[in-house]
Amino acid sequence: MAGIDALRQVGVHPRDVDWILTHQASSGIPGLLAPLLRVDPERFVIDCDAVGNLGSASIWVALQRLRASGRLREGQTVMVLGAEASKYLFGGFVYRHLGASPSAGNTELR
């Protein structure tokens, strides 16, 4: 899984991730992935019920909504997982929140 590979590259274990953000096509994803990753389903960011399926923009909208909600704290880690409609292409990255303002250059993507 691309997200797990990204975590390994930065030396983070799935249990140490604060938030998991996936493509926002279904609110059922935590029930499927949480047991596989052995994490609490409450760590998943799901907002498709509020904004719908926004296609390729869903990950970025969900990440911004998490940042704006105040739930994401400085130093917390987000594993981001994405897939396109045919399920042949997928990817992931790790986001570490280093503060409130991305314009100040205080975020880290890997």
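Colleague: How many salt bridges does the count come to?

Modeller: The count comes to two salt bridges. The rule asks for a side-chain nitrogen of Lys or Arg within 4 Å of a carboxyl oxygen of Asp or Glu. Keep in mind that this is a predicted model, in which local features need pLDDT of at least 70, side-chain atom pairs count only at pLDDT 80 or more, and totals for chains, interfaces and linings use all residues. Residues are numbered from 1 along each chain as its sequence is written, and side-chain values use heavy atoms, with hydrogens and water left out.

Colleague: Which side chain meets Arg8 in a salt bridge?

Modeller: That of Asp5, at 3.4 Å from N to O. Arg8 and Asp5 are three residues apart in helix H1, so about one helical turn separates them. Helices (H or I, at least four residues) and strands (E, at least two) are DSSP runs, numbered from the N terminus. Next, check the exposure of each partner. Buried means under 20% relative accessible area, exposed over 50%, and partly exposed in between, with a 1.4 Å probe and protein chains only. Arg8 is exposed at 61%. Asp5 is partly exposed at 38%.

Colleague: And the salt bridge of Arg65: which side chain does Arg65 meet?

Modeller: Arg65 meets Asp47, at 2.7 Å from N to O. Arg65 sits in helix H4, and Asp47 in the loop between strand S2 (44-45) and helix H3 (48-51), so this pair ties together parts 18 residues apart in sequence. Asp47 is buried, at 6% relative accessible area, while Arg65 is partly exposed at 37%.

Colleague: Now the rings. How many aromatic pairs does a search of the whole structure find?

Modeller: First the general idea. A pair of aromatic rings is described by the distance of the centres and the angle of the planes. Rings of Phe, Tyr and Trp (its six-membered ring) pair if their centres lie within 6.5 Å; planes under 30 degrees apart are stacked, over 60 edge-to-face, the rest tilted. The search finds one pair. Its members are Trp60 and Phe93, with centres 5.5 Å apart and planes at 15°, so the pair is stacked. Trp60 belongs to helix H4 (residues 58-69) and Phe93 to strand S4 (residues 90-97), so to speak distant parts of the chain, 33 residues apart. Phe93 is buried at 16% relative accessibility. Trp60 is partly exposed at 48%.

Colleague: Which residues have the most contacts inside the largest nonpolar core?

Modeller: In soluble globular proteins, nonpolar side chains tend to be buried together. A nonpolar core is a set of buried Ala, Val, Leu, Ile, Met, Phe, Trp, Tyr and Cys residues joined through side-chain atoms within 4.5 Å. The largest one here has 15 residues, and Leu7, Ile20, Leu37, Phe44 and Met79 have the most contacts inside it. Helix H1 (2-9), helix H2 (29-37) and strand S3 (77-83) each supply at least two of its residues. H2 gives the largest share, four residues. A second, separate core has twelve residues, including Trp19, Val45, Leu66 and Val78.

Colleague: What does Val78 touch?

Modeller: Contact means heavy atoms within 4.5 Å. Leaving out residues up to four places away in sequence, Val78 touches Val17, Trp19, Leu21, Leu66, Leu72, Phe93, Val94 and Tyr95. Val78 lies in strand S3 and is buried, with 0% relative accessible area. Leu7 is 71 residues from Val78 along the chain, yet their C-alpha atoms are separated by 9.8 Å.

Colleague: Which residues of H2 are buried?

Modeller: Ile29, Pro30, Leu33, Ala34 and Leu37. Just after H2, Arg38 takes a positive phi of about 60°.

Colleague: What pattern does the chain follow along the sequence?

Modeller: The pattern is α-β-α-β-α-α-β-β-β, from four helices and five strands. Of the 110 residues, 38% count as buried. Look at contact range too: among contacts between residues at least 6 apart in sequence, 51% join residues at least 24 apart.
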